[in-house]
Amino acid sequence: MDFFDMNGYAQYIWPAYGTAITLLLGLVVSSLRQNRKLKREIKALEQPQKTA
Amino acid sequence: MITQFANPLRFQKLSRPLLWISNIGALILSLWGLYLALIGSPPDYLQSETVRIMYIHVPAAWLAMLCYSSMAFAALVFIVWKHTLAGLYIRAIAPVGATFTAICLITGSIWGYPTWGTWWVWDARLTSVLILFFLYLGVVALCDAFENRDKSLTAAAWLCLIGIVNMPIIKFSVDWWNTLHQPSSLSSFSQIAQPAIAGDMLTPLLVMAGAYLCLFATLAIIRLNNEILLRKLENARLRESRA
């Protein structure tokens, strides 16, 4: 349990790591989501032209 | 090589293998870095366990400055040669730089409280990094400021170029002024051979910096591709509305 306690500095170390990981992962996820959304929209736009 | 990359279609093709490399690098280095930073390194004799915050704070500061420098270079290319991809790079990377700067500021603040006894001081280093954060937000805002996309990107590019004066201020603030923020332990490449920090603390720092760098590459490739796709979508919609 010493690891999670960080010799009494847990209240500083875990929020710091949590912030960094959350912000970076959030940016990766939102970028990937945007990528998927754009690809879907382009596909939708190109589809009717082909059938017409 | 650079001019080949500068073509959006070629970029999309060439970026795919690069994305794999940066993905794998980011995954391995971040896991290795987290292990070294949290478990595999000793506490500092002065800072105790809080030194572990340094391993995510310092590389974030490096990346914040790297993002800005690359963005300012792209801004120059965009203004001088009107290169589309350079303009899109500004729009793609500004939020990434803002994120790294935010991580730098927040983790620094969390470290500062137990170490300095305060969350924030208006010293030259902290203030200049806060200005960097606002510069990023300004660039993000300007990228969508006008109806005309190129006009927005040009405005953003000019702000990038003007803001470059902040870079040397950040770098040398700890030398020019007597700041609460300590001077750099790794101020130049020659110092890497004889750094002012111990090896078992230098390794996690450099591994984490590598992880951030790979993550930056991954984000840059995905987001630049997104910008190209967005352009394509907008042009297609424009054609449709005219037809």
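**View 1. Where chain A meets chain B.** In this view, 23 residues of chain A are in contact with 31 residues of chain B, contact being C-beta atoms, placed from the backbone, that lie within 7 Å. The side of chain A that touches chain B has 16 nonpolar, 5 polar and 2 charged residues. Here Ala, Val, Leu, Ile, Met, Phe, Trp, Tyr, Cys and Pro count as nonpolar, Asp, Glu, Lys and Arg as charged, and the others, Gly among them, as polar. A note for all the views: this is a predicted model, in which local features need pLDDT of at least 70 and side-chain atom pairs count only at pLDDT 80 or more, while totals for chains, interfaces and linings use all residues. Residues are numbered from 1 along each chain as its sequence is written, with chains lettered from A and ligands numbered from 1 in the order in which they are written.

**View 2. The largest nonpolar core.** Take a look at the 73 residues of this core, in which B:Ala60, B:Ala64, B:Met71, B:Ile90 and B:Val139 have the most contacts. Such a core is a set of buried Ala, Val, Leu, Ile, Met, Phe, Trp, Tyr and Cys residues joined through C-beta atoms within 7 Å. Two or more residues come from each of H2 of chain A and, in chain B, helix H2 (8-38), H3, H4, helix H5 (124-143), H6 and helix H9 (199-242). H3(B) gives the most, with 18 residues. Helices are DSSP runs (H or I, at least four residues), numbered from the N terminus. Leaving aside neighbours within four places in sequence, B:Ala64 is in contact with B:Gly97, B:Phe100, B:Thr101, B:Cys104 and B:Leu132.

View 3. B:Ala157 sits in helix H6 (residues 149-163) of chain B. B:Ala157 is buried, with 26 other C-beta atoms within 10 Å; a residue is buried at 20 or more such atoms, exposed at 12 or fewer, and partly exposed in between. Beyond four places in sequence, its contacts are B:Ala75, B:Phe78, B:Ile79, B:Gly87 and B:Ile90. The C-alpha atoms of B:Ala157 and B:Phe73 are separated by 9.4 Å, although these residues are 84 apart along the chain.

**View 4. H4 against H5 in chain B.** The axes of H4(B) and H5(B) come within 9 Å and cross at roughly 155 degrees. That makes H4(B) roughly antiparallel to H5(B), a label for angles over 145 degrees. Axes are lines fitted to C-alpha atoms, for helices over the stretch in contact, and angles run from 0 to 180 degrees between N-to-C directions. Residues of H4(B), including B:Ile90, B:Ala94 and B:Leu105, meet residues of H5(B), including B:Val129, B:Phe133 and B:Cys143. The residues of this contact divide into 16 nonpolar, 2 polar and 1 charged.

**View 5. H3 against H9 in chain B.** H3(B) and H9(B) pack at an angle of about 40 degrees, with their axes 9 Å apart. That makes H3(B) oblique to H9(B), the class left over once angles under 35 degrees (roughly parallel), over 145 (roughly antiparallel) and 65 to 115 (roughly perpendicular) are set aside. Among the residues that meet are B:Val51, B:Trp62 and B:Cys67 in H3(B), and B:Met201, B:Tyr212 and B:Phe216 in H9(B). This contact has 18 nonpolar residues, no polar and no charged.

**View 6. A loop residue with positive phi.** B:Lys82 lies in the loop between helix H3 (51-81) and helix H4 (84-116) of chain B. Phi of B:Lys82 is near 55 degrees, a positive value in a residue other than glycine. With 12 C-beta neighbours inside 10 Å, B:Lys82 counts as exposed.

Terms used
Two residues are in contact if their C-beta atoms, placed from the backbone, lie within 7 Å.
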